[in-house]
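Please examine the sequence and the three-dimensional structure shown here before reading on.

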Amino acid sequence: MSNSATESGRDARNWLALSIGNSRLHWAWFQGEVCKQVWHSPHLDSAAGEKLIHGWNRGELWCAGLESPGPPGGEAIAPNPPLWIASVVPHQLALWQSYGRFYLITLEDVPLLGLYPTLGIDRALALVGAARQWGWPVLVVDAGTALTLTGADPEGRLVGGAILPGFGLQLQSLTEKTAALPPVTFPATLPPRWALTTPEAIASGVIYGIGSGVRDFIEDWWQRFPTSTVVITGGGGEMLLRYLQESAPEMAKQAIAMPDLIFAGICYIKQQQSG
Ligand SMILES: Nc1ncnc2c1ncn2[C@@H]1O[C@H](COP(=O)(O)OP(=O)(O)OP(=O)(O)O)[C@@H](O)[C@H]1O
Ligand SMILES: CC(C)(CO)[C@@H](O)C(=O)NCCC(=O)O
Ligand SMILES: [K+]
């Protein structure tokens with residue numbers, strides 16, 4: 001095979017996945033089924049989105065001339081990549097609809113039994129992404145802006161789940177709705193449970209509060225499905241695992257961290273649709 005044929009073969013297999021979350025955009029660059037790179041960017045305004053699409057349409061390397069979004073290191077990506085999108089934020093979705101190779105993933109595309117119509121597509125995709133690797137039954141804990149638990153039974157039927165404010169949102173709401181509580185940045189390590197400063201007391205309340213809640217949900221899940229895999233994902237996933245390692249080491253050993261779980265789900269759906 002000539003060099004250029006190899007090149008174009010590789011380029012044809014290039015595609016992008018975009019998961020539009022409530023706080024950020026999550027991007028992945030794929031070649032076929034191989035995820036080459038994952039990165040995150042802020043939500044874009046329409047000018048930034050149009051600039052990016054304009055570049056793609058002109059056949060420019062997709063990240064050319066843009067500071068964001070673009071993969072760290074700025075590796076070359078083929079022009080006009082198909083863009084597979086999952087969104088839980090309608091106004092951010094509108095931006096991408098003018099792009100010619102735009103594919104929107106909806107609940108109808110997800111082969112999961114017992115779905116309810118307003119279930120978040122991110123939750124559905126995380127579930128099938130986890131099951132593809134670990135099988136059913138499976139429980140996904142996604143520590144994003146909202147923290148969600150989503151479980152499915154041995155037949156791949158949604159059992160249900162729960163939604164609560166995530167780490168960042170809990171910290172932020174305390175600051176915003178009280179007079180005396182200062183902004184607290186997300187700590188890198190577990191705070192002391194019995195804190196003697198205000199910032200640590202806030203961090204303790206939020207982290208041990210969320211952590212023990214999640215632990216209780218997992219215990220309940222294992223009562224129902226003792227062999228189920230538990231997968232932890234989302235920006236707050238590391239903190240959650242740190243909590244479990246300290247407070248419930250046996251549980252932590254059995255929990256699997258998959259930071260890029262949503263992309264496993266998107267890749268699976270794309271494959272199904274591409275035949
Ligand atoms: N350095 C950090 N500062 C603040 N929050 C952090 C930090 N690291 C992790 N987090 C936590 O992770 C969350 C971000 O996780 P993730 O990237 O999954 O979600 P997101 O982008 O906020 O959410 P979504 O996907 O819902 O937009 C924050 O809301 C917070 O709970
Ligand atoms: C819960 C979030 C915000 C998590 O990203 C998202 O999945 C969503 O908007 N869900 C819709 C409601 C539901 O899942 O029942
Ligand atoms: K979210």
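This is a predicted model: local features need pLDDT of at least 70, side-chain atom pairs count only at pLDDT 80 or more; totals for chains, interfaces and linings use all residues.

Residues are numbered from 1 along each chain as its sequence is written, chains are lettered from A and ligands numbered from 1 in the order in which they are written, and side-chain values use heavy atoms, with hydrogens and water left out.

Five strands make up an open sheet of mixed pairing, ordered 3-2-1-4-5. Helices (H or I, at least four residues) and strands (E, at least two) are DSSP runs, numbered from the N terminus, and two strands pair if DSSP finds at least two bridges between them. Strand 3 (34-42) and strand 5 (102-104) are the edges, each pairing on one side only. Strand 2 (residues 24-31) runs antiparallel to strand 3, and eight bridges join them. Phe 30 stands opposite Cys 35 in strand 3.

Helix 9 packs on this sheet, touching strand 1 (14-20), strand 2, strand 3 and strand 4 (83-87); contact means heavy atoms within 4.5 Å.

How do helix 4 and helix 9 lie, parallel or perpendicular to each other? The axes of helix 4 (residues 121-134) and helix 9 (residues 261-274) come within 7 Å and cross at roughly 85°. Axes are lines fitted to C-alpha atoms, for helices over the stretch in contact, and angles run from 0 to 180 degrees between N-to-C directions. The two helices are therefore roughly perpendicular (65 to 115 degrees). Among the residues making the contact are Leu 125 of helix 4 and Tyr 268 of helix 9.

Methods: Angles under 35 degrees count as roughly parallel, over 145 as roughly antiparallel, 65 to 115 as roughly perpendicular and the rest as oblique.
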